[in-house]
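Here's a quick tour of the charged side chains in this one. Have the sequence and the 3D view open as you read.

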Amino acid sequence: FEMPPYNKGSLRSVYHIRHVDVQRLKALGSTESINHQKPDASTNVNRTIDIMVSHDWPRGIAHHGDTSQLLQRKPFFREEVESNTLGNPASEILLHEL
């Protein structure tokens, strides 16, 4: 993980959701045993996430809005939109699973 002082490479990376963060958030959205043993009716805890805030765009986000208007305003996104690399893949997982 990045540590201050940041260089140009680590500065960009430090702002993005990592896969380890995705796993932690996914665990919050699941039903699991308090004792981390095989769950039964008396030990289940249902943890759900109602709201999550992130500045990361999930990968594929351009396909959930007005893509043509986005590309008019931000034409430099075109190649990433067409190759489906615009946005964070980790954020995309959270969007679909939580």
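Glu 82 sits out in the open: its relative accessible area is 59%, so it counts as exposed. (Buried means under 20% relative accessible area, exposed over 50%, and partly exposed is in between, using a 1.4 Å probe and protein chains only.) This is a predicted model, where local features need pLDDT of at least 70 and side-chain atom pairs count only at pLDDT 80 or more, while totals for chains, interfaces and linings use all residues. Residues are numbered from 1 along each chain as its sequence is written, and side-chain values use heavy atoms, with hydrogens and water left out.

The side chain of Glu 82 meets that of Arg 78 in a salt bridge, at 3.7 Å from N to O. For the record, a salt bridge here is a side-chain nitrogen of Lys or Arg within 4 Å of a carboxyl oxygen of Asp or Glu. Both residues belong to helix H4 (residues 78–82), and because they are 4 residues apart, about one helical turn separates them. Arg 78 is partly exposed, at 41% relative accessibility. Helices (H or I, at least four residues) and strands (E, at least two) are DSSP runs, numbered from the N terminus.

## The other salt bridges

How many salt bridges does the structure hold? The count is 3. Another of them joins Asp 21 to Arg 24, with the closest N and O atoms 3.6 Å apart. Asp 21 is partly exposed at 25% relative accessible area, while Arg 24 is exposed at 55%.

Then there's Glu 92 with Arg 59, whose side chains form a salt bridge at 2.6 Å, N to O. This pair ties together distant parts of the chain: Glu 92 is in helix H5 (residues 89–97) and Arg 59 is in the loop between E2 and H3, 33 residues away. Glu 92 counts as buried at 17% relative accessibility, whereas Arg 59 is partly exposed at 30%.

The side chain of Asp 56 makes a polar contact with the side chain of Asn 88, at 2.8 Å. (A polar contact is a pair of N or O atoms within 3.5 Å; within protein, one must be able to donate a hydrogen and the other to accept it, and residues adjacent in sequence count only if both atoms are side-chain atoms.)
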